[in-house]
Amino acid sequence: MKKDITRYRNIGIFAHVDAGKTTTTERILKLTGKIHKIGEVHEGAATTDFMEQEQERGITIQSAATSCFWSDHQLNIIDTPGHVDFTIEVYRSLKVLDGGIGVFCGSGGVEPQSETNWRYANDSKVARIIYVNKLDRIGADFFNVVKQVENVLAARPLVMVLPIGHESDFTGVVDLLSREAWVWDDSGDPLKYEIQDVPADMADDVETYREQLIETALEQDDDLLEQYLEGEEPSVEDIKRCIRKGTIELAFFPTYCGSSFKNKGVQLVLNAVVDYLPNPTEVPPQPIVDLEGHETGDYAYIDPEKPLRALAFKIMDDRYGALTFTRLYSGSLSKGDTILDTATGKSERVSRLVEMHANSREEVESVQAGDIVAIVGMKGVQTGHTLCDPKNPATLEPMVFPDPVISIAVKPKDKGSTEKMSLALSKMVQEDPSFQVETDQESNETIIKGMGELHLDIKVDILKRTYGVEVEVGKPQVAYRESIAKRIEDSYTHKKQSGGSGQYGKIDYVIEPGETGSGFSFESKVTGGNVPREYWPAVQKGFESCVDKGVLAGFPVVDLKVTLTDGGFHAVDSSAIAFEIAAKAAYRQTLPKAAPLLLEPIMKVDVFAPDDYIGDVIGDLNRRRGIINSQESGAMGVRIKSEVPLAEMFGYIGDLRTMTSGRGQFSMEFSHYAPCPSNVQQEVIAEVKERQAAA
């Protein structure tokens, strides 16, 4: 049975932690008839927050996919986390969505993490509608949040509704297009509302905002705008068509308000999803890339008749086995099909397909372009891999994940659990690409790496709860890097004579600082054949194999450029291996002379605190070697944007709460690497040596 793709809406709900995303998702599921009793986040019973850790902390950690129906349209909803350490979940969800709902708190407004998520959504060119939630809260102000969207996010909100009453007297909204007032009673039942006339005291405001709405919408159609300016009002259908066009082109963002917790206003948001957010055929098709990741000029067009092109965007392990969440861009997929994973080059047979409703599932026989589905029991597939038709292979643009910035050593409390722990960790790495595990060669410790303290804290919790492995946790370690500050010209000759043929390779080279972010680069300027061309790759390989370990404290070396300028060879004794050995020794010889330096990760730290505590917060950030970039005053307090070394941020959440009587909030994300001050550099090197001696 061929489904009508134009009736699909693949959407995500994203916002700052605590803005009410998950509660909003719950209400949507209730209204669309998917669940009968509404689960509350603060009671730890929300449908999409089904991990114990999520229920306890009241935050969403994994993005959960769920499908439901509203006025003949299938909505595939992905509930994403708001906490900055799980931004990876937001990022990977955006990759497979066609539209989104940005939820903002009516009193908190545009908070630090909502800004990061908004920026990601802009990068991914995802059309959004805005929903200002929690209008029943003290201090909630719809118009203030609209202003913040303009000023902080530099976005253009298109006000579609006005709130009736405010704070505890909030009873409903006026739909500006239809000039109807939706008023709910106090029973908390989302279906107990009446459509009334606009309250008399709001009539002027409604006309003013309605005029603004129509003028903005008609910018999408010159003919209609001209007629309107001549006094002819367009039909509601025409206005809606213009709003849809402008929303899909990101010209503006239709803006709604309500209180999800009190069940007021959610129906209008659902109507807006259907009316204004794009269906899968209305977003640009996914580019197809070659093995190096360069675009080929070909695209995966949303069409069930074309060859299969799908992206695995999330792996989740549950009691039924591994689930691979997959978005189909073109073609169709049925139970029993064989599909190719282009990243591994291996084919796998699809034994079961399930459509997810939060944590329950419905088996399906086949799916098609535009669908989001979970495939059960895939073996080698990882996040970001392309699944395609083996007879017609192609690779979709892959996902790019940030490198972890923090690591801790873990070891099982019970010696017998070592194998159990390593199995659990390998499953967790598959599920979360921003989480890495490695074994320290010297100390033989297991090191886990992630995006922040909370990220690793939750991982340790999952080890304990989900996999039953109690672990001892070491002190958090920062992921330092090393680089150099000086240009050095040098030469090295590798000579070995021991009966029979010897080894000989001479290289003249320059080692210098590379451009920021360039990693390692190599070029050869040898002319005249003093180092034959076939040995250049060996020289490059020799240097490249050393950059994993710097000369100061053994951290990876970045932004290093090596140029081979000249050298010498022996007709009999020279070989690729001789030149590779020469390059390795040259690295050890020259790097210490090139003013090596230690680089530390600098984090963008965004703190929100009430006015009374600002002096303390700024003083504390300065003590942490922070640089304050800006301060912005708002109705509820002040936002301070700063850059602070990660090493100084451990335990910050506790200190901030103490300083602000529990009212401060912050978010933090990686910004860049910068040289450490010399006293910090000496401390880090001493600490590393101490650890090595102990091991």
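Helix α8 spans residues 236-248, 13 residues in total. At 1.5 Å a residue it should span 18 Å, and its end C-alpha atoms are 18 Å apart, so the two agree. The expected span is 1.5 Å times one less than the number of residues. Helices (H or I, at least four residues) and strands (E, at least two) are DSSP runs, numbered from the N terminus.

This is a predicted model; local features need pLDDT of at least 70, side-chain atom pairs count only at pLDDT 80 or more, and totals for chains, interfaces and linings use all residues. Residues are numbered from 1 along each chain as its sequence is written, and side-chain values use heavy atoms, without hydrogens or water.

Buried residues of α8 include Ile-239, Cys-242, Ile-243 and Arg-244. Buried means under 20% relative accessible area (1.4 Å probe, protein chains only). After α8 comes Leu-250, with a positive phi near 60 degrees.

An open sheet of 3 strands runs in the order β13-β12-β24, with antiparallel pairing. Strands pair if DSSP finds at least two bridges between them. β12 and β24 share 2 bridges. Val-289 has Thr-395 of β24 as its bridge partner.

| Strand | Residues |
|---|---|
| β13, edge | 295-300 |
| β12 | 286-289 |
| β24, edge | 395-396 |

Helices α10 (residues 418-431) and α11 (residues 453-465) pack at about 130 degrees, axes 11 Å apart. Axes are lines fitted to C-alpha atoms over the stretch in contact, and angles run from 0 to 180 degrees between N-to-C directions. Contact (heavy atoms within 4.5 Å) involves Met-421, Ala-424, Leu-425 and Met-428 of α10 with Lys-459, Ile-462 and Leu-463 of α11.

How values were computed. Buried < 20%, exposed > 50% of the residue type's maximum accessible area, 1.4 Å probe, protein only.
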